[in-house]
Amino acid sequence: MSEICDACRKIAMYTVTIGDRDGLSMVVCEECTKKAWDEVKFKNWMIEVDDKVMDEAGVSVNDLPSCTFRPWFDEKLSPEEVAEMALGAAKWPGYDSDVGAR
Ligand SMILES: [Zn+2]
């Protein structure tokens with residue numbers, strides 16, 4: 001039995017199920033495994049950013065103006081740093097609004 005890769009949508013002979021939190025698993029072909037891992041890590045990282053923003057400001061990161069999160073993730077910034085940057089970009093009281101302009 002073959003399966004459809006969640007990442008490239010091709011029918012794959014061999015698939016790997018990846019994911020480290022419930023609800024974030026993906027079934028991917030061998031070629032897509034690395035890319036898909038990055039995607040799962042990015043989603044988990046966004047959940048941590050959201051948790052931090054919620055701790056700091058009591059709102060979801062989804063309620064803030066959208067930021068360029070993906071490059072920040074690729075720069076390996078911590079969820080803590082990014083939560084502050086997102087709040088700064090949103091001109092949230094007490095946060096430096098310059099950082100969001102990076
Ligand atoms: Zn694939």
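In this predicted model, Lys-76 sits in the loop that links α2 to α3. Its phi is near 60 degrees, a positive value in a residue other than glycine. Most residues other than glycine have a negative phi. Lys-76 counts as exposed, because 8 C-beta neighbours lie inside 10 Å.

Gly-94 has 9 C-beta neighbours inside 10 Å and so counts as exposed. Gly-94 and Glu-84 are ten residues apart in sequence. Their C-alpha atoms are 9.8 Å apart in space.

The overall layout is as follows. The protein chain contains four strands and three helices. Along the sequence, the elements run β-β-β-β-α-α-α. The chain has 102 residues, of which 19% count as buried. Among contacts with a separation of 6 or more, 30% join residues 24 or more positions apart.

Helix α3 is largely enclosed by the rest of the structure, because eight of its eleven residues are buried. The buried residues of α3 are Pro-79, Val-82, Ala-83, Glu-84, Met-85, Ala-86, Leu-87 and Ala-89.

The largest nonpolar core has nine residues in all. These are Val-49, Val-53, Val-61, Val-82, Ala-83, Met-85, Ala-86, Leu-87 and Ala-89. Two helices, α1 (33-57) and α3 (79-89), each supply at least two residues of this core. Helix α3 gives the most, with six residues. Neighbours within four places in sequence aside, Ala-86 is in contact with Val-53, Val-61, Leu-64 and Cys-67. Another core lies apart from the largest one and has six residues. Its members include Ala-12, Val-28, Cys-32 and Ala-36. In soluble globular proteins, nonpolar side chains tend to be buried together.

The packing of α1 against α3 was examined next. The axes of the two helices, α1 and α3, come within 8 Å and cross at roughly 60 degrees. That angle makes α1 oblique to α3. The crossing of α1 past α3 is right-handed. On the α1 side, the contact is made by Trp-45, Glu-48, Val-49, Lys-52, Val-53, Glu-56 and Ala-57. On the α3 side, it is made by Pro-79, Glu-80, Val-82, Ala-83, Ala-86 and Leu-87. The residues of this contact divide into nine nonpolar, four charged and no polar. An α-helix has 3.6 residues a turn, so residues three or four places apart point the same way.

Lys-52 is placed in helix α1. It is buried, because 20 other C-beta atoms lie within 10 Å, and a residue is buried if 20 or more do. Leaving aside neighbours within four places in sequence, Lys-52 is in contact with Pro-79, Glu-80 and Ala-83. Lys-52 and Glu-81 are 29 residues apart in sequence, but 9.4 Å apart in space, C-alpha to C-alpha.

The loop between α1 and α2 holds Ser-60. With 11 C-beta neighbours inside 10 Å, Ser-60 counts as exposed. Beyond its neighbours within four places in sequence, Ser-60 is in contact with Asp-50, Val-53 and Met-54. Val-53 is also a member of the largest nonpolar core. Ser-60 and Val-49 are eleven residues apart in sequence. In space they are 9.2 Å apart, C-alpha to C-alpha. Val-49, too, belongs to the largest nonpolar core.

How values were computed:
Residues numbered from 1 in each chain as written. Predicted model: local features only at pLDDT ≥ 70, side-chain atom pairs only at ≥ 80, totals over all residues. Core = buried A, V, L, I, M, F, W, Y, C linked by C-beta atoms within 7 Å. Buried ≥ 20, exposed ≤ 12 C-beta atoms within 10 Å, placed from the backbone. Contact = placed C-beta atoms within 7 Å. Axes fitted to C-alpha atoms, helices over the stretch in contact; angles between N-to-C directions. Parallel < 35°, antiparallel > 145°, perpendicular 65-115°, else oblique. Left-handed = near helix turned anticlockwise from the far one by under 90°. Nonpolar A, V, L, I, M, F, W, Y, C, P; charged D, E, K, R; others polar.
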